Amino acid sequence: MKKFFSEFKNFAVKGNMVDMAIGIIMGTAFNNVVNVLVKKIFMPPLLYFTNKVSFENQKYVLRVASEDSSEISIGYGELIEVSIDFFIIGLTVFLVVKMMNRFRNKSDDPKNKEVETPKNIQLLSNIEKLIEEQNNLLKRKKE
């Protein structure tokens with residue numbers, strides 16, 4: 001049992017659990033932002049252009065309700081609304097990841113003087129230059 005708690009402590013302390021918790025919290029916050037974007041920013045103009053027809057209530061009635069039976073219908077409107085949500089979420093995630101990659105590529109470029117290059121990237125760049133010089137020296141010796 002002591003070994004189990006020791007392994008759990010190592011797991012939690014090394015950051016796996018903390019990183020996961022941060023990711024879940026950020027994902028929840030991002031979900032709220034996207035929901036507001038969809039419901040308050042994108043859907044109102046769409047409702048305006050479709051004469052205030054709400055997609056959520058759109059359906060194709062297969063059988064009209066009667067005294068003996070209930071209505072049977074295919075509710076395609078909600079599918080349209082969820083598809084729009086999915087498209088906006090996908091586009092937003094794509095743009096955020098693209099922006100993050102651009103910043104990461106800038107910071108990883110050792111020749112870029114605008115952004116301070118992290119020490120590990122500088123060291124790797126120096127090692128790469130030294131290996132190149134060593135390879136050139138070895139090529140000259142062979143000739």
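The scale used throughout is as follows: buried means under 20% relative accessible area, exposed means over 50%, and partly exposed lies in between, with a 1.4 Å probe and protein chains only. The model is predicted, with local features requiring pLDDT of at least 70 and side-chain atom pairs counted only at pLDDT 80 or more, while totals for chains, interfaces and linings use all residues. Residues are numbered from 1 along each chain as its sequence is written, and side-chain values use heavy atoms, with hydrogens and water left out.

**The salt bridge**

The side chains of Lys 59 and Glu 71 meet in a salt bridge, at 2.8 Å from N to O; the term denotes a side-chain nitrogen of Lys or Arg within 4 Å of a carboxyl oxygen of Asp or Glu. The pair joins distant parts of the chain, twelve residues apart: Lys 59 sits in the loop between α2 (16-49) and β1, and Glu 71 in the loop between β1 and β2. Glu 71 is also partly exposed, at 34% relative accessible area. The structure holds one salt bridge.

**The nonpolar surface patch**

Now select Tyr 60, Leu 62, Ile 72, Ile 74, Tyr 76 and Ile 80. Together they form a nonpolar surface patch with about 560 Å² of accessible area. Such patches consist of residues with over 30% relative accessible area and no salt bridge, with nonpolar side chains (Val, Leu, Ile, Met, Phe, Trp, Tyr) joined within 5 Å and like charges within 9 Å. The areas come from the Shrake-Rupley method with a 1.4 Å probe, and for residues only the protein chains shown count as cover. At least two patch residues come from each of β1 (60-63), β2 (72-74) and α3 (76-108).

Ile 72 belongs to strand β2 and is partly exposed at 38% relative accessibility. Ile 80, in helix α3, is partly exposed at 30%. Draw a distance from Ile 80 to Glu 56: their C-alpha atoms are 7.9 Å apart, although 24 residues separate them along the chain.

Follow helix α3 to Met 99, which is partly exposed at 41% relative accessibility. Between the C-alpha atoms of Met 99 and Leu 79, 20 residues apart along the chain, the distance is 30 Å.

Then select Val 34, Val 38, Met 43, Phe 55 and Ile 88, the five residues of the largest nonpolar core. The greatest contribution to this core, three residues, is from α2. A nonpolar core is a set of buried Ala, Val, Leu, Ile, Met, Phe, Trp, Tyr and Cys residues joined through side-chain atoms within 4.5 Å.

**Helix α4**

Move to residues 119-142, helix α4, where 24 residues reach 35 Å from first C-alpha to last, close to the expected 34 Å. The expected span is 1.5 Å times one less than the number of residues. This helix is hardly covered, with two buried residues among its 24.

**The whole chain**

Finally, zoom out. The chain has four helices and two strands, in the order α-α-β-β-α-α. Its radius of gyration is 28 Å, well over the 15 Å that the globule rule gives for 143 residues, so the chain is more spread out than a compact globule. The radius is taken over C-alpha atoms, and the rule is 2.2 Å times the number of residues to the power 0.38. Helices (H or I, at least four residues) and strands (E, at least two) are DSSP runs numbered from the N terminus. The C-alpha trace spans about 95 × 55 × 30 Å along its principal axes, and 11% of the 143 residues count as buried.
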